[in-house]
Amino acid sequence: MREMILASSSPRRREILSNLGIAFTVLSEEIKEEQREGEAPSSYVIRLAVQKALAVAKNLQHGVVIGADTIVLLDGKILGKPKNEAEAKEMLSSLSGREHIVITGIGIVDIDNNRTLSGQQQTIVYFRRLTDQEIDCYVATREPLDKAGGYGIQGKGGFLIRRIEGDYFNVVGLPVSLLYELLQDFDIDLLKENCD
């Protein structure tokens, strides 16, 4: 298998790849995450994912670099990572009893063949109606503070979610099926390689 590099410091993305049995290294570079004027959320998240992958790829000679970025979209507005507990409570209150969209963009750079591919996955997430006490209790766990939208579906945030429509892994931060399909375009078959 060709060398795989994950251009992300996200522990959730690392865990997903590890659970799939994929050997990879982690290298990440900081990029400016700012939505451009008039830029659609899906275009924004793809652009960031590609920029993350390219920022790492420029320092390497070989390998396949995977970049990803996830956003939470409510009423057309992007909810980023809350800056503090007060902002996390505000985000969770706005999500309470409503549906929102989680979009993850993936950008893959094949350094050896000088090719870049990208795509995005969307999942609809339906929150239960939350009480103020539930929001306070969840925020007190500090789990929301490093997550887009102020929650993590794979942790205690799962208690807040009534149901989803779409890819669970997309909400965690790395849509596995989309990743598999994009890598096939580089003649990398993750399923076949794990069967051998």
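Helix 3 supplies the largest share of the lining of the second largest pocket, four residues. Everything here comes from a predicted model, where local features need pLDDT of at least 70, side-chain atom pairs count only at pLDDT 80 or more, and totals for chains, interfaces and linings use all residues. Numbering starts from 1 along each chain as its sequence is written, and side-chain values use heavy atoms, with hydrogens and water left out.

A quick word on terms. Helices (H or I, at least four residues) and strands (E, at least two) are DSSP runs, numbered from the N terminus. A pocket is found on a 1 Å grid over the protein atoms alone: it is an open set of points where a 1.4 Å probe fits, with protein on both sides within 12 Å along at least five of seven lines, and its lining residues have an atom within 4 Å of a point. Grid points are joined across faces, edges and corners, and the volume is the space filled by probe spheres set on the points.

The largest pocket has a volume of about 740 Å³. Of its 34 lining residues, Arg13, Glu33, Lys52, Asp69 and Lys81 are the closest to the centre. Helix 1 (11-19), helix 2 (41-57), strand 3 and helix 5 (168-172) each give two or more residues to this lining, and strand 3 gives the most, with five.

The second largest pocket holds about 250 Å³ of space. It has 13 lining residues, with Lys77, Ile78, Leu79, Glu87 and Met91 nearest its centre. Strand 4 (77-79) and helix 3 (85-95) are the elements that give two or more residues here.

**Around strand 5**

Strand 5 (residues 99-110) is largely enclosed by the rest of the structure, because ten of its twelve residues are buried (under 20% relative accessible area with a 1.4 Å probe, protein chains only). Strands count as paired if DSSP finds at least two bridges between them. Strand 5 pairs with strand 3 (residues 64-74) in the antiparallel sense over ten bridges, and Val64 has Asp110 as its bridge partner in strand 5. Twelve bridges join strand 5 to strand 6 (residues 115-127), also running antiparallel. Asp110 turns up here too, opposite Arg115 in strand 6. The hairpin of strand 5 and strand 6 has four residues between the strands, and Asn114 takes a positive phi near 50° in it.

Notes
Buried means under 20% relative accessible area, exposed over 50%, partly exposed in between (1.4 Å probe, protein chains only).
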